[in-house]
Amino acid sequence: MLRLFAVPALFVAACLLQACSSEDPVSAEDRDFALYPDNGLAFQLFPNDMARNDSVASNLSHGAVLVVHPQASYELSFDADTIAGAPTLQLFRLIISEDGTSYRAKKVRSVSANLVGERFVYSFTCEENKMALWGATLEYRRSYYKGKTRNVRLVGNGAFSDHMSLNLVVVGNVASKLDGFTIDELSKSLLSQYRKYYSSVVIDTLYVRYANEHPKLGNKYPANEPWVAGRSSKDVLVSELGGWPDVPDALDLVLVHYIDEVGVLGYSNLFSGNMKGGEGSTVVLGAYVKDYQGQIPVSLQGVVETALHETGHFFGLRHSTASSADLQAFGDFSNYEDGFEDTPYCPNLLKSGLLKAGPRYGTDFKIYRGGLHRIKYAGAGIVEYDPEQCPDASNYMFPLDTDVEYEGFSPQQLATLRANLMIYPH
C-alpha cells in the first residue's frame, strides 16, 4: 500500500521552504497575485514518476502537491491546450499544523510556461534544507485555468552523487535467530546483489551496525530480545535508527525479527527521498514472516530480494502491477501500472483480488505468497489463474513473492533509480 497525501495525513513533516527561483520571471503585478489551492490538496506528484497520475492532472488547476528536494531543478509539464492558452504556475509554501490536521499556504513564486514541442513546460530551481511539499495551482487571467491538463510530469534533475553506501542495522537478537546464515554472509550477499542489480548507480560499500550499540539509543534496543516491527514500538519503520551517526548518508536497511503484519516481508515508504535520518529514512526487513500459524523463516536470498524490492520503492519505483490496496491508498485508479514502457503489467492479478487487502501501516510492502499457487477471480465466469504466469513476475517490483527467478530491473526503472538518487541529499 502506498502512503499518499490526503491532507492532513499526507504531510510527513512540517517542512518550511527556503528560496525558490524561476528562470522565467513574471511581472510584479502577477507575482503579487495569489490563487490559492481550494480543493484540499488530495493528490501529489513525485519527481520522475511515470505513472499516469490522472487525478493529479484533473486537480492541478485548483491544487496539487509537488514533492521536491534540495538543490534540484524541476520541469513540470503537460500537453499544451493551445486553444485555452498557457496558464501561469503558482507555487506555495505549505506550513503544516502540529497535529497534521490543517495547513497554511504562502505564495513563493509564479512561473510562466514555455511551449516546447506540444507541451507547456515550467522550469524552476529550489533551495531547501530537506525534502519539502509545495502546493501548485494554474492561473489564467486571474482565475483557475479551465483548459485541459493531460499527461502531467514532474522531472527532477539533482546535484548529488550517483554513488551511495548501505548500512545494515541489526536489531535485537535477530543475529542469533537467522535460519541457516550469518550476518556476515547476509552483508556480503547484499553488497554483491545491490552492485549487480542496481547497475545504474555505484554502491560504494556496506556497513553493519547493531542497534544496541547506537551511541544515543542503544539502551532501547536490547541485544537479547526479539524486535517485532510494529509491536515492539509503534513505528514499524524504526525510523529513529535512520541516519546512523557515523554513516549518516548511507541507506539504512533495518533487520528485525519480523514485521507484525501477516505475510509482509518488508517495508519502505514509496518515494521516501530521505537519506538523512528521521521519518522515511529506513527500509525494514524481516528475518521471519508472520503467518496465521506462527512465523516462517526467510532465506538469505529472500531477505536480499526483499531489500532490493523495498529499496526500489524508496527510490521511486512503483509496483510493476498495482495491487487493489495500492489503488485505494492513492485514490487514483488510473495508476494500475508503473508507466514504464519496458515493464509489462498483469491485469489478471488486479482482477484476482489476491492483493485486495492492504496492511494497516501507511507504507509500501512486499507480500509473501506462501503455499498459494493458484487464485480464482470472477470475470466472465470463474477463472483459475497462476500469478507466476504474470509477464512481470520476474521483475523486482512485482508485488508478490513467487518462485519465478528474478531477472532484475528494466532499463527505464534503472534510469529512474539513478535520477532520484541524485536528487536525494546524501
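Tyr145 counts as buried, at 4% relative accessibility, where buried means under 20% relative accessible area, exposed over 50% and partly exposed in between, with a 1.4 Å probe and protein chains only. Tyr140, by contrast, is partly exposed, with a relative accessible area of 26%. The model is a predicted one, in which local features need pLDDT of at least 70 and side-chain atom pairs count only at pLDDT 80 or more, while totals for chains, interfaces and linings use all residues. Residues are numbered from 1 along each chain as its sequence is written, and side-chain values use heavy atoms, with hydrogens and water left out.

The overall picture comes next. Of the 426 residues in the protein, 58% are buried. Contact is taken as heavy atoms within 4.5 Å. Among contacts between residues at least 6 apart in sequence, 78% join residues at least 24 apart. The protein exposes about 17200 Å², with carbon and sulfur atoms supplying 48% of it; the areas come from the Shrake-Rupley method with a 1.4 Å probe, and for residues only the protein chains shown count as cover.

Rings of Phe, Tyr and Trp (its six-membered ring) pair if their centres lie within 6.5 Å; planes under 30 degrees apart count as stacked, over 60 as edge-to-face and the rest as tilted. By this rule there are 17 aromatic pairs. Phe124 and Trp134 form a tilted pair, 5.6 Å centre to centre with 35° between the planes. This pair links distant parts of the chain, with Phe124 in strand β8 (residues 119–126) and Trp134 in strand β9 (residues 132–140), 10 residues apart. Both Phe124 and Trp134 are buried. The rings of Tyr140 and Tyr145 have centres 6.0 Å apart and planes at 65°, so this pair is edge-to-face. Elsewhere, ring pairs join Tyr194, Tyr197, Tyr198, Tyr396, Tyr406 and Phe409 into a cluster.

A nonpolar core is a set of buried Ala, Val, Leu, Ile, Met, Phe, Trp, Tyr and Cys residues joined through side-chain atoms within 4.5 Å. The largest such core has 86 residues, and Phe124 and Leu255 have the most contacts inside it. A second, separate core of 20 residues includes Ala211, Val247, Val254 and Val284.

The structure also holds 1 disulfide, defined as a pair of cysteine sulfur atoms within 2.5 Å. It joins Cys346 to Cys390, with an S to S distance of 2.1 Å. The torsion about the S-S bond of Cys346 and Cys390 is about -65°, so the disulfide is left-handed. Cys346 lies in the loop between α5 (324–330) and α6 (347–352) and Cys390 in the loop between β21 (381–385) and α7 (411–423), so the pair ties together parts that are 44 residues apart in sequence. Cys346 and Cys390 are both buried.

Two further local features complete the account. Asn173, in the loop between β12 (163–170) and α3 (183–197), is buried with a relative accessible area of 9%. Leaving aside neighbours within four places in sequence, Asn173 is in contact with Pro222, Ala223, Asn224, Glu225 and Pro226. In helix α4, 14 of the 15 residues are buried. Just after α4, Gly316 takes a positive phi of about 95°.

Key
Helix = DSSP H or I, 4+ residues; strand = E, 2+ residues; numbered from the N terminus.
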